[in-house]
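Okay, thanks everyone for coming. I'd like to talk about side-chain packing today, so let me put the structure up.

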Amino acid sequence: MSLFPAFAEESTKVEVSSKELDWLKNASFQSRDAVSIHSQYLERTSENPQKKESSSAEREKGGDVPSKKRKKKRKSKKPKKKSGRYSDSSGPDSETVYPSDLKREEANRPQAAQLSSTFSWLDDLQSPTEQLFCVDRKADAANWTYKSLYRGDVARYKRKGSTSLGLDLRTQGIGWEDSETAKKHKGRDKKKTEDRYFSAVSRQSLRSNPSIPTLTTLPECSAAIGPTSFLPLGEEEEANKRGEAGGRVQTSSSNPLGVYDSSTDLWLQGKGLQEHTEQAKQDTPTGQSALLLSGKTEEFNKRLREQPADTQLWIDFIRYQDELSAAAFGGEGEQQGNHWSEHRKSSHRAVLEKKLSIAERAVATNPASIALQLERLRIYQELWEPSVLSKEWKKLVFLHPNSAPLWREYLMFTQSYFSSFTVSKVNSAYGKCLSTLSAVRDGSMVSHPALPGTEEDMLDLFTKQCHFLRQCGHSEKAISLFQAMIDFTFFKPDSVREMSTKQQVEFFEPFWDSGEARVGELGARGWKAWMLQQERGGWLQPPAEEDEEEEEDEEEVKDRSKSRGTIWLEVESSREAAHWLPWRPDKSKGGSEEDCEDPDRQVLFDDIGPSLIRLSSPELQLCLLLHFFSFLGLPVDSVLSAAPCQPGLLLESLSLFTQGNDLQHPLTSHDLPELGINSVGHTTPLQGKRKWAGLGKQGQTFVSNMFSMVQPVLPAHHRAALALSWMQYEKLKVFRCLRGSNKKCLRSQGKSSKRVAKQLLKEPDNRSSLALWREYAHLEWMLGNRDEARKVFSTATAIGGETLGLRSPALCDLCLLWAQLEVEDGAGAGGEVGNVAASPAVCVLTGLAEGASSFSQPLAPVAILKARRSYEQALSAGLSALDQNGHQLPASRKGQEELLGEKLRLRGLAGCYALFQYLTMGIHAANAVYSQAREKMEARHRTLKHDSNEDSNHGTSCSLADLSSSYVNRLASECEALAVQHAALLRHHSSIGVFPLATLRRTLTSAISTWPGSARLWSIYVQIENRYHTAGRARRFFQSVTRDNSGVLPHLFAIFAEQQRKQLVDAALRSCSHDAALPILPENGLSHRICGLFERTISTEMGSHCPLPWRMYIHFLVSDGRVDKAKRIFYRALQNIPWDKGLYMDGVQLFPDHLQEFVDVMTEKELRLRLPLEELDILLED
């Protein structure tokens, strides 16, 4: 017996044992009741056909009002009874019931008990068998809003039949929407349907690798562990399958010719693939990917068991876990939807734990490996608190005190953690590092031997400390460090030279505290002279010179109507530019330390003493001086100065992107490259202006005094390098005045620079220096004195032209600059045959090839042919000599200087030959010359670099290693300069004539791929690509370079290119009205692309600690109107670069309401604050 009586007839179809279903029996129900109900139902359905005619007649009469109301109520109740999860199953005996039939039925039958319209409790009913059901006639407002009933009001049971329990079959009924076909489709398994191309399974198959045998065919080389970059089409497998099936094709009625494959044949027959086949299709990509990844993991484990001492293999295995995680969780992100980020966070923690376990095992196997220790600490940075991590760093540094790379990483950790950062703490860490390495180098620390290259690393760390203090605003301490270091290196008494570094520092302290004039100050004599005079009884203080002009006190607040933050920025920048030198009491006038208004301008010996190091190599001593010159803003030779190991950490100026933008001088504008590093005294907001072109009057006096003091103790070639740097500095100041368009400033600066240049050329050692004559002639040309400049050029060529000619690299550089200036001046550009003989540039280059001191016009055609032959022979001989000398490097220092100075400097010769070919034959001949020279020089550089790395790995002697490194660095500099000349000439020709852009692009991309750290090449590339609207090619190239390069420079130029593009689009949109046609196609998403590039840059290890991308990011967001996000990025930047004062100044400029907050943070972190807010309030009141 069924539990539900209405379905008693269907329950009889199922035979069930009574013992198993006793719990379903209903004792209160009798079987005869079910039979009587069923018979009544059949009688009613048989009477319906007889009443159709009468019911239709009654329908015409209209009926009465109560019937209509009941009809409407029944219709409104129908949506409430419907449910989407059931389908229609009405049988053939169901007929349509009309309202008139129901009305006639009600009139003929006896009055039955009406259904209640309100709910009531069972206990309140008088008879339990009456009114078992209730019709709720109150409309439910939720049914009007939602598409279905509330799931809690729907009973969970499977429906049998087409009726519903509780309905009066004579007056009520339900129509089900779903048909039998829909029911079949709804019941079908969704997993069996084909996946679209954007589904998670399809995306996973694209990311997966092909099913190849990974365990049996892996070679022994490490390249087998690299990821597969594409999914092959598998043409060979398909061909083999077709060949195997060719002999046994099965034909059928749907495939009579046997030309269809199995899946098409089944489709024609109306059949589908088997379930296991479809399931295998879906599982194949995932299975292949899992098989390949497991194969790589097994290969790693196998090789690590065989080679446990391979440090790089351990590091590769640790970093491979990121790739493994991306492949494992790559497809689940789309499936999980909004929960993907949370899932990624949880999986990231698991990956870190796994990487950490591998790193622990690697360190246990190789306890002496510094690289593995650093890799483990990088993982710990994401798991541990800064305090715990700091203890671990100190422990590691204590165990390996002789490792300079480890110290470098420790110092970066110390200065980049905001919670524990203070300037004094980091400065003392630098002092501890340098004093420890000095003890290791001296042999005082017997437990750890000195490693090769310790002196170079110490000088690099010393320079980084000075730049750190400058970026913090403590320029006085940085200058004092350089002053003490120069005295400690060049003016050391002979009596203390054999002592240890610690003892020498103890003897140096009395000199520093004596008040004696230091390097760069008037009357400075040095530590050695002071000590000798002290042994003789000291000397009397000379009387003060009265010709010095007193500094006029200018009013610091010039415009009080500006905002408080703007005034603070102006006064702070002004004081920074004026007071970068340490304050010293004037004892000749009775001055004392109490006279100083700002105590932070005084530098104590305790702040600089631990950082003093000893440099024994003359080359490193020259590097120290060049680093100081560069710190002051003077251009220096990048090879001689030995650029720091991580130059990207010092980038902070937008001048990096503006070099080479002078369209009037396309060939010579790259002569003085911008480094993107602010000089001392120029800490300003990102878009702030320099107060002076150089260091001002006091800076000029300081450089002059230092040069005069250091010059007598240097060898001749070192003095020439310093003089050249000073001459280029004067030229750079004139160039800045020209760019500023201030005629008064240009006139005064031109007179001052010419006076300095003439003083340098009057020196006996400099009278025959062609490099200095070259710079002086260029200075005259920039000032507009063309005739005077040509006289200087002619005088210089007469010095060495007749004897040396093309064999002199300096003479070639001079004539190349002269010819380039003539071409830019419009005298002989374009290579027209009729003007070749009369071109001044051709006359200059022909005279150089002939060795003539004077150049006559016009030239004979025979002279041009002879000059071309001479150039060709000289270049071939130079490239051949480069190959011959590269095989055996000289062992003596004298031989090294001769080789580096003469044999490697081929850019002048190649540039003269290429420019000569351009003016006489055309651009294609010049392109061929540059291509030939670059190809041979770059190939030689790759070979020497590979040999140098192998020599360093095999433990070659230190002197030979330094010689090889200098040789490779010089050759790299020549190759880069030659590439810049090549690109500049092609760009110049494309701007004045017809030239295929593909050749220029190919030249630039090949050069940048070889030298990705060249800002000059990147600048030319960005200028070329920004002239065209399509950016796809440039974006792909930027992506390829940034993916394979860890430097921050390619990322910055990629961002700069997109920003230039956005400015172009915005300007075009602003220039047009709403109904006018746009000159270019507007592009959406540029802001998001730029933000993505910024995020990618600051997520790298180098970019996260570089000030320039953070500051550019904040300024871009503010200019784009997203101030709230800019504030969030600002606080993120504080967590990574808390030492950069320029960042705080940007914050004050962009968010002036937070001035008090930023100043408080600067005070807490001990950054240099020259204008406290209390003093600002006093200035504003006055």
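So, the largest nonpolar core: 251 residues. Keep in mind that this is a predicted model. The residues with the most contacts inside that core are Ile486, Trp568, Leu632 and Tyr871. And which helix gives the core its largest share? That's helix 39, residues 958-992, with 12 residues.

Let's take Leu632 from that list. If you leave aside its neighbours within four places in sequence, Leu632 touches Ile479, Trp580, Ser679, Val680, Leu695, Phe702, Val703 and Met706.

Now Tyr871, which brings us to the aromatics. There are 38 aromatic pairs in the structure, and I've picked the one between Tyr871 and Phe916. Stacked, edge-to-face or tilted? The ring centres are 5.4 Å apart and the planes sit at 40°, so we call this pair tilted; the tilted class is what's left between under 30 degrees for stacked and over 60 for edge-to-face. What I like here is that the pair links distant parts of the chain: Tyr871 is in helix 35, residues 861-887, while Phe916 is in helix 37, residues 907-920, and the two are 45 residues apart. Both of them are buried, by the way.

Then there's a cluster held together by ring pairs: Phe488, Phe508, Phe511, Trp512, Trp527, Trp530 and Phe605. Two of those rings also have a charge over them. On Phe488, it's the charged end of Lys492, 4.6 Å from the ring centre. On Trp512, it's Arg518, lying over the face at 3.5 Å from the ring centre.

Okay, that's my tour. Over to you.

Terms used. Residues are numbered from 1 along each chain as its sequence is written. This is a predicted model: local features need pLDDT of at least 70, side-chain atom pairs count only at pLDDT 80 or more; totals for chains, interfaces and linings use all residues. Side-chain values use heavy atoms; hydrogens and water are left out. Rings of Phe, Tyr and Trp (its six-membered ring) pair if their centres lie within 6.5 Å; planes under 30 degrees apart count as stacked, over 60 as edge-to-face and the rest as tilted. Helices (H or I, at least four residues) and strands (E, at least two) are DSSP runs, numbered from the N terminus. Buried means under 20% relative accessible area, exposed over 50%, partly exposed in between (1.4 Å probe, protein chains only). A charge sits over a ring if NZ of Lys or CZ of Arg is within 6 Å of the ring centre and within 35 degrees of the ring normal. A nonpolar core is a set of buried Ala, Val, Leu, Ile, Met, Phe, Trp, Tyr and Cys residues joined through side-chain atoms within 4.5 Å. Contact means heavy atoms within 4.5 Å.
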